[in-house]
Amino acid sequence: MKASFALIGRDLKLALRQGADAALVVVFYFMAVLLFPFGVGPAASILARISSGSLWVMALLAALLALERVFEAEHEDGSLDQLALLPAPLGLVVLAKVLAHWVLTGLPLALFAPVLAAILDMPAAGYPVLALALLLGTLCLS
């Protein structure tokens, strides 16, 4: 368990040093959602009806942008073999990498979703449900 927390911390530090991957996901999410009204029209009633679905689809597409990079760096530098040889179970190593990926991508998407929901005229009563659903959904996707 200690190795898993160390691996999560390592992945978070590495991602924060680079910074571009996590920021790219959030910027894509904002841009895709903000461009959505141009495609369907600016009518508030239409945007309110389809806002939750469009936020979900855009969040899942944004999360998929960084999904391939979960193990890419370790594969390129050869440390993936070292991770597989750790004394911790391989399932915990994978879970630690997935949790670090989710903290960097899924958590910011779920936290910014209510802001974008307000822009799309979604009823305010749905903001907490949307954020909670995105928290769980992006965790499952990761």
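Which helix is the place of Gly39 in? Select Gly39 and you land in helix α2; helices here are DSSP runs of H or I with at least four residues, numbered from the N terminus. Gly39 counts as exposed, at 69% relative accessibility (exposed means over 50% relative accessible area, buried under 20%, with partly exposed in between, using a 1.4 Å probe and protein chains only).

Before moving on, some housekeeping. This is a predicted model, where local features need pLDDT of at least 70 and side-chain atom pairs count only at pLDDT 80 or more, while totals for chains, interfaces and linings use all residues. Numbering runs from 1 along each chain as its sequence is written, and side-chain values use heavy atoms, with hydrogens and water left out.

**Next stop: α6 and α7**

Select residues 90–104 (α6) and 106–119 (α7): their axes come within 3 Å and cross at roughly 30°. The axes are lines fitted to C-alpha atoms over the stretch in contact, with angles from 0 to 180 degrees between N-to-C directions. That crossing makes α6 roughly parallel to α7 (the label covers angles under 35 degrees). Show side chains for His101, Trp102, Val103 and Leu104 in α6, which meet Gly106, Leu107 and Pro108 in α7; contact means heavy atoms within 4.5 Å. By class, five of the residues in this contact are nonpolar, two are polar and none is charged.

**The loop between them**

Now pick Thr105, in the loop between α6 and α7. Thr105 is buried, with a relative accessible area of 3%. Draw a distance from its side chain: a polar atom there lies 2.8 Å from the backbone oxygen of His101. Not counting residues up to four places away in sequence, Thr105 touches Val25 and Ala66.

**Into the core**

Select Tyr29, Val33, Leu55, Leu109, Leu130 and Leu134. Of the 20 residues in the largest nonpolar core, these touch the most other members. A nonpolar core is a set of buried Ala, Val, Leu, Ile, Met, Phe, Trp, Tyr and Cys residues joined through side-chain atoms within 4.5 Å. Colour α2 (20–40), α3 (44–65), α7 and α8 (127–141) to see the elements that give two or more residues to this core. The largest share, six residues, comes from α3.

Centre on Leu55: leaving aside neighbours within four places in sequence, its contacts include Tyr29, Val33, Ala113 and Leu130. Finish at a second, separate core of seven residues, with Leu7, Leu83, Ala88 and Val93 among them.

Notes:
Parallel < 35°, antiparallel > 145°, perpendicular 65-115°, else oblique. Nonpolar A, V, L, I, M, F, W, Y, C, P; charged D, E, K, R; others polar. Polar contact = N/O pair within 3.5 Å; in protein donor to acceptor, adjacent residues only side chain to side chain.
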